[in-house]
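The sequence and the model are shown below.

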Amino acid sequence: MFKAADLPEIVPIFPLPGALLLPRARLPLHIFEPRYLAMLDDALKTRERMIAMIQPAVHGHGGEDALHQIGCAGRITQFSETEDGRYMITLTGISRFRVEQELSGFQPYRRCQVRWEDFARDLGSTEKDPAFERPGFLQLLKRFFDSRELSTDWETLEEADDELLINSLSMMLDFQPEDKQALLEAPSLGTRRETLVTLMEFALRGGTQEDLIQ
């Protein structure tokens, strides 16, 4: 388990729209672009083996390269190399961070100086959601899955602990990048669950992203 003092001030950034990583959750990634292969090689040489996931800021004021200010860093916990030089890796979420500034340099990938102190809870134990009403949530989830013609192992979902269930759904369900960012920035597991419920209910009513923002 990482301590606050172990977290680096500078992290390599992987801006990937719609890809959400949350603390203690696992995100599989397929790495094949040369700049990200270089990023992975460099990350594997460090003690932390850390890569930071972040959403591009679609409506930001920094042009097409703008980033959201909050992302989540993960440690490379699994990786394998294919015969043609690509990587299949798994990131395990460590902590969210706030971007202070993007750094220039000779690396082909982007790096940012970040702050971690706003997210001390991420380094703690598994988070609970005391107000979670699982039966009603699972009913809503079943309606959502039926509307998207999705299938799942419902027995596994029913047995999963609160954090694993809510965070896994937040990462896997096909929401817009701005919705994913709202799930990432939720200050607590309960708030993330409420946001997830809102997004599913809104999708079932046939709303659009523009309506939700308004």
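With which residue does Lys142 form a salt bridge? The partner is Asp146, and the closest N and O atoms lie 3.2 Å apart; a salt bridge is a side-chain nitrogen of Lys or Arg within 4 Å of a carboxyl oxygen of Asp or Glu. This is a predicted model, in which local features need pLDDT of at least 70, side-chain atom pairs count only at pLDDT 80 or more, and totals for chains, interfaces and linings use all residues. Residues are numbered from 1 along each chain as its sequence is written, and side-chain values use heavy atoms, without hydrogens and water.

Lys142 and Asp146 are separated by about one helical turn, because they are 4 residues apart in helix α2 (residues 134-148). Helices are DSSP runs of H or I with at least four residues, numbered from the N terminus. Salt bridges that share partners also join Arg98, Glu100, Arg115, Glu117 and Asp118 into one network. The count of salt bridges comes to 14, including those in the table.

| Salt bridge | Closest N and O atoms |
|---|---|
| Arg35 with Glu33 | 3.1 Å |
| Arg86 with Asp84 | 2.9 Å |
| Lys142 with Asp146 | 3.2 Å |

Asp84 is exposed, with a relative accessible area of 54%, whereas Arg86 is partly exposed at 30%. Here exposed means over 50% relative accessible area, buried under 20%, and partly exposed in between (1.4 Å probe, protein chains only). Arg35, at 38% relative accessibility, counts as partly exposed, and Glu33 is partly exposed at 32%.

Methods
Helices (H or I, at least four residues) and strands (E, at least two) are DSSP runs, numbered from the N terminus.
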